Structures are given as C-alpha cells and as structure tokens.
Amino acid sequence: MDIIQRTHAGLLVPVMLLLVGFDKSHMEELESKSKELEEAQDFEDNIEFLQRSEDIEWDIGYHEWADARQEAKALKEESDGRFSLDWGTYMVHQAKKKDIRPALVYELLKVETGGKFDPDLTGPQTKYGHAYGLAQFMKNTGPWIADLAGLPYSHSMLFDPYYSIQLSIEYLDHLHDKYEDWDQALTAYHRGVSGLETYEEEHGDAKSWYAVEIQEKAADKQDLLAKQ
C-alpha cells in the first residue's frame, strides 16, 4: 500500500508504508508474519493526520513495532479492552521517542476519561468551556500546543484518538522540559500553568492528587510492561 507525502519542495511523492516504517527491504523478512503485517498496514487508515505533518512520522521498524505491540496488549487487557491495541502501540512508540514512560501517558488518559478511554468524550461545562477527546483538551489550549509541536490543527481533530494521544505527549514533553519535575508537569497539565502556581502557593508543593495518582499507578503499570 503506497501513500503520498508532500516534500519540503512542495512535491507529492509516493512513500512505501511511511507511517509504519516498513520499506521494501523489510518485506521479505515480514512475509512469514502476514497476520502482524496486515494489522500494521491497517494501522495507517486511522492516522491520516500524520500525512499532513512533516514533523512526525511513524518511523518504526518491525522489531520495535512488535515490542510496542506487546506492551500495548498488556494495556488493552488492563483496560478491559477499552484502550485499543493500535492506540497503545502508537502511544508506546511515541512516548518512548520523548523519553516519557508509556504507562504515565496511559494513566493520564485513563484519569482524563474516567477509565472509559472514549475518544468521542466531551467533558462537562466549565468557565473555560468544554474539554474534548481522549486527552480532554480545550479549544483554547489545543491550538497553541499543536502549533508548539508543529502539528496541523482543527477542533474536530481533538476527537481523533491518535491525534489526541500525540498532543498529550507533546504537551507533557513541553511541561517536563519547562519544570524538570513530574509533580509540576502533571499538575500544570491538569490545572494550567497559573493553576499550578496557585496550587503551589496554597500547598507549598505541586503534589496534587492528579500528579500523585498518575505517577503511583504508572509506576505499578511500568513493572507490568517491563515483563512483556
């Protein structure tokens, strides 16, 4: 299956399985693994937004993909099937590229969706509006985070689970680079930067329930993933 990528010169060129990182040199090696290869190729259909960004590519080889797939299977089982195997495979790979523990991203998405992992979720009304999608971004925060990451943006894309996962990883990476501390990064993700400052003024630290719960559960989950 060929897809089309726009080069920096503006030309459209076919790229062989760019999003899953398979090229023609891989094909003979993978012929004996047709079932897994078919699953990987089907994965392309669900992440069309990546074709519109030159900054993010699904640049993964087979063995790396297989390792990510194993971790994703454990997360799908833990979620009682709610967290898609393909979502998990993508999340594990992209989180590791940013040196973020996949379990931490998983637990964040779990908290944000109340354990439902519903990509079509619309959060309750707040004074800032609603939050949308798997990572519960608001319309006033989604655009600037996408711009920061060099991603395309439209409000409807917040309901794309792969886009939502990518945006959450980009935002976590930005916040951790800023604070170099996961308590602060996670509390800022939940409350906003000004909300983090207010919380620290009131409590003397950034150990909000949100930051503590996600990190504690991620530590337990990471042990499980390490065994895969």
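At 18% relative accessibility, Asp 173 counts as buried. Here buried means under 20% relative accessible area, exposed over 50%, and partly exposed in between (1.4 Å probe, protein chains only). The model is predicted: local features need pLDDT of at least 70, side-chain atom pairs count only at pLDDT 80 or more, and totals for chains, interfaces and linings use all residues. Residues are numbered from 1 along each chain as its sequence is written, and side-chain values use heavy atoms, with hydrogens and water left out.

Asp 173 pairs with Lys 98 in a salt bridge, at 3.9 Å from N to O. The two residues link distant parts of the chain, 75 residues apart: Lys 98 sits in the loop between α4 and α5 (102-112), and Asp 173 in helix α7 (residues 161-179). Lys 98 is partly exposed, with a relative accessible area of 29%. A salt bridge is defined as a side-chain nitrogen of Lys or Arg within 4 Å of a carboxyl oxygen of Asp or Glu. Helices (H or I, at least four residues) and strands (E, at least two) are DSSP runs, numbered from the N terminus. Side chains of opposite charge can pair when their charged atoms come close.

In total, the structure holds 10 salt bridges. One of them joins the side chains of Arg 69 and Asp 86, at 2.6 Å from N to O. Arg 69 lies in helix α3 (residues 62-78) and Asp 86 in helix α4 (residues 85-97), so this pair ties together parts that are 17 residues apart in sequence. Arg 69 is buried, at 6% relative accessible area. Asp 86 is buried too, at 15%.

A salt bridge also forms between Glu 71 and Lys 96, whose closest N and O atoms are 2.6 Å apart. Glu 71 is in helix α3 and Lys 96 in helix α4, 25 residues apart. Glu 71 is buried, with a relative accessible area of 9%. Lys 96 is partly exposed, at 41%. Elsewhere, a network of salt bridges links Glu 78, Glu 107, Lys 110 and Lys 221.

Helix α6 (residues 142-149) has Gly 142, Ile 145, Ala 146 and Ala 149 as its buried residues. They cover an arc of only 100 degrees around the axis, which puts them on the same side of α6. The arc is that of the directions from the helix axis to the C-beta atoms. The cover over these buried residues includes β4 (137-138) and α7, where contact means heavy atoms within 4.5 Å. Gly 150 follows α6 and has a positive phi, near 75 degrees.
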